[in-house]
Amino acid sequence: MDRETLDFSTAFFQDFENSPEDFPGDRVDFIDKSDSFTYSQFFRDYLLPNRPCVFSAEFTKDWSSRKFWVTQDGKPNLERLLQEFQGAAPVPVANCDRREYNSHPKELLPFPEFVEYWREFISNGHRSSRGCLYLKDWHLSRAFPEREFYSIPVYFSSDWLNEYWDAVGADDFRFVYMGPKGSWTPFHADVFRSYSWSANVCGRKRWLLYPPGEERFLTDIHGNLPFDLTAPEFRDPRIYPRSGRARAPLEIIQEAGEIVFVPSGWHHQVHNLEDTISINHNWLNGCSVGRMWRFLREELGAVRRELSRWHGPDRHDPLQCQLLLKSCTGIDFPEFYNFLRLLAESRLALLENRECSSWENSPGSATGLGTPQNSQSSVPALETPQNSQGSVPTLGTPQNSQKSVLSLNSQSSVPTLETPQNSQESVPMLETPQNSQSSVPTLGIPQNSQNSVPALEIPQNSQESVPSLETPQNSRGSIPTLETPQNSQSSVPTLGIPQNSQNSVPSLETLQNSQNSVSGLEIPQNSQSSVPTLETPQNSRSSVPSQNSQSSVPSQHSRGSVPALGIPDAVFDLQRLAAVLRSFIANREFQRLPAPSPPPPELLRRLEKALDTALLGIPHSRHSRDSQDSQFPEEFGKSRPS
């Protein structure tokens with residue numbers, strides 16, 4: 001995200017936060033090419049206006065689950081699944097032929113027993129005396145953390161929900177579903193009014209979706225939402241008196257390999273048209289955290305009204321209300337504050353440990369926020385790969401090294417990091433020796449800090465040969481690559497994936513002098529996915545970009561703990577966190593609870609101080625304002641042609 005996209009999102013929440021949802025009509029945009037659709041476009045066209053879309057099978061073609069869990073004729077490979085997960089713990093299985101309150105009753109079955117049932121169900125013409133059983137909500141990644149079944153597309157990488165629950169070690173919202181033809185999920189909205197994405201490993205699904213607000217026409221005479229939109233009783237006006245005023249649902253047929261993005265608060269019902277395996281995540285971020293906060297307030301109001309029926313108005317205990325709120329939703333106000341605090345602390349760690357002058361004076365601000373699991377630092381370090389002949393700049397001086405020298409290769413404008421022996425040249429060092437009298441610019445490692453990411457300080461008006469990250473004049477595109485070409489003697493500064501780490505892909509910030517203002521994410525070697533741009537192509541008005549872009553999409557590890565973020569992304573997150581925190585502090589119910597630590601006003605002051613400083617240090621792109629897409633549309637968020 002560059003400064004223009006940050007300004008765009010800031011203006012959106014000021015002008016459109018309380019606007020009604022836009023119903024996209026009878027179609028959903030289909031994103032075809034993974035190498036020409038950027039995160040910035042997804043952010044503007046779908047996250048902010050809260051609109052659904054479908055990603056093609058190209059986005060999942062490299063997943064190991066699509067290669068090994070599927071037979072050549074596209075059916076679930078039950079033999080391979082049984083072999084791979086023979087030792088799995090009992091799995092949650094729902095009976096789709098029965099109803100228990102507003103869901104299907106569940107039981108735990110050994111995985112081999114479910115696979116054997118599935119075989120018999122298929123051989124009997126998709127019928128069984130046991131009913132239609134559906135394996136749902138299986139935390140497969142948590143059960144087998146050493147396995148790599150899939151990777152998270154970059155569009156869904158800013159995942160606050162799983163970032164928080166990974167940090168506290170309590171839960172996660174990553175699920176695998178396996179079910180035969182005829183299995184289905186009742187009409188519902190996702191937990192906490194979160195987003196969800198669902199990828200078909202194999203099989204086909206039928207989706208019926210309604211946007212937020214439309215559900216008011218779908219309730220019965222008792223105010224309850226329907227269990228099954230396709231049931232005959234739903235068309236009975238004596239039971240559902242306002243159903244005739246509701247729009248027709250938005251319908252999607254999801255093919256094998258495709259990913260459906262379900263926006264926040266959209267109610268949906270899903271039917272398996274074939275034997276199907278899918279991977280599903282619930283997630284949210286700064287675009288939807290306001291809806292989560294509104295949902296919690298509404299649920300607490302419902303708890304208070306119910307208690308008032310038994311105890312009289314305003315005679316209920318605030319702590320009892322919070323206990324009931326957590327039993328109904330899975331989270332209460334104290335934990336929601338802890339959720340906001342943990343996310344804010346991780347973003348503050350990035351902003352507070354860097355000097356804004358380095359962003360303004362540096363040709364490009366390259367940083368990332370991505371803490372690997374089990375890491376004690378909230379900011380990643382840049383490490384030099386073993387056996388690398390081309391030196392990569394690191395944010396941490398190698399052991400036994402006395403000096404690190406930045407030099408420019410004569411054939412490339414990309415700086416390389418070399419450590420000449422016995423060199424006395426006055427060049428930037430990666431550590432500041434004690435008692436040093438040299439006035440050499442350093443990479444600013446604070447004293448006594450073991451993990452902080454330093455900033456590159458370039459003196460103003462300096463004529464030193466300081467390397468820049470600018471693209472050579474004769475380059476066809478100003479997209480910096482984050483991968484060293486084979487047999488190349490020059491090296492490209494990368495944004496530090498720790499050795500042997502499969503998580504935490506950081507980002508490279510937009511270059512200040514770049515003509516295309518393109519951000520990139522580092523891709524590990526041997527990865528078949530490449531680097532997306534974070535800016536919509538010039539003159540593009542379509543939600544699906546042209547195929548002329550030279551960027552493509554990286555994926556993140558399926559269990560990555562913290563998304564890759566740059567400075568503008570962290571600023572956007574803090575803006576949204578601060579907005580919700582202000583409302584949270586002013587809430588009367590929260591004020592009646594024991595004060596948490598640190599006090600919310602103190603945390604809010606830290607956020608506002610960091611934001612005031614950070615906004616001054618984010619450079620504007622010189623050319624992105626000339627792009628038609630960078631201008632604010634008069635009616636942002638309205639339906640656009642696919």
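Reader: Which residues are in contact with Thr-276, leaving aside its neighbours within four places in sequence?

Author: In this predicted model, Thr-276 is in contact with Pro-76, Trp-118, Tyr-177, Met-178, Gly-179, Asn-200, Cys-202, Gly-203, Arg-204 and Lys-205. Thr-276 itself is placed in strand S14.

Reader: Why is Thr-276 called buried?

Author: The relative accessible area of Thr-276 is 1%, and the term applies under 20%; therefore Thr-276 counts as buried.

Reader: What makes the pairing of the side chain of Thr-276 with the backbone oxygen of Glu-274 a polar contact?

Author: A polar atom of the Thr-276 side chain lies 2.6 Å from the backbone oxygen of Glu-274.

Reader: Where does strand S14 stand in its sheet?

Author: The order of this open sheet is S1-S2-S12-S9-S14-S7-S5-S3-S4, which places S14 between S9 and S7. The nine strands show mixed pairing. Helix H7 (residues 160-168) lies across S7 (174-179) and S14 (276-283), at about 80 degrees to S14.

Reader: What makes S1 and S4 the edge strands?

Author: Strand S1 (29-31) and strand S4 (106-109) each pair on one side only.

Reader: How do you know that S9 and S12 pair?

Author: Pairing requires at least two bridges, and four bridges join S9 (residues 195-202) to S12 (residues 259-262); therefore the two strands qualify as paired. They run antiparallel, and Ser-196 stands opposite Val-262 in S12.

Reader: Which residues have the most contacts inside the largest nonpolar core?

Author: They are Phe-42, Phe-55, Trp-138 and Met-178, in a core of 111 residues. Helix H10 (residues 333-352) supplies the largest share, 11 residues. Apart from this core lies another, of 10 residues, including Val-28 and Val-262.

Reader: Why are Cys-132 and Cys-321 called buried?

Author: Relative accessibility is 5% for Cys-132 and 0% for Cys-321. The cut-off is under 20%, so both cysteines count as buried.

How values were computed:
Residues are numbered from 1 along each chain as its sequence is written. This is a predicted model: local features need pLDDT of at least 70, side-chain atom pairs count only at pLDDT 80 or more; totals for chains, interfaces and linings use all residues. Side-chain values use heavy atoms; hydrogens and water are left out. Contact means heavy atoms within 4.5 Å. Axes are lines fitted to C-alpha atoms, for helices over the stretch in contact, and angles run from 0 to 180 degrees between N-to-C directions. A nonpolar core is a set of buried Ala, Val, Leu, Ile, Met, Phe, Trp, Tyr and Cys residues joined through side-chain atoms within 4.5 Å. Buried means under 20% relative accessible area, exposed over 50%, partly exposed in between (1.4 Å probe, protein chains only). A polar contact is a pair of N or O atoms within 3.5 Å; within protein, one must be able to donate a hydrogen and the other to accept it, and residues adjacent in sequence count only if both atoms are side-chain atoms.
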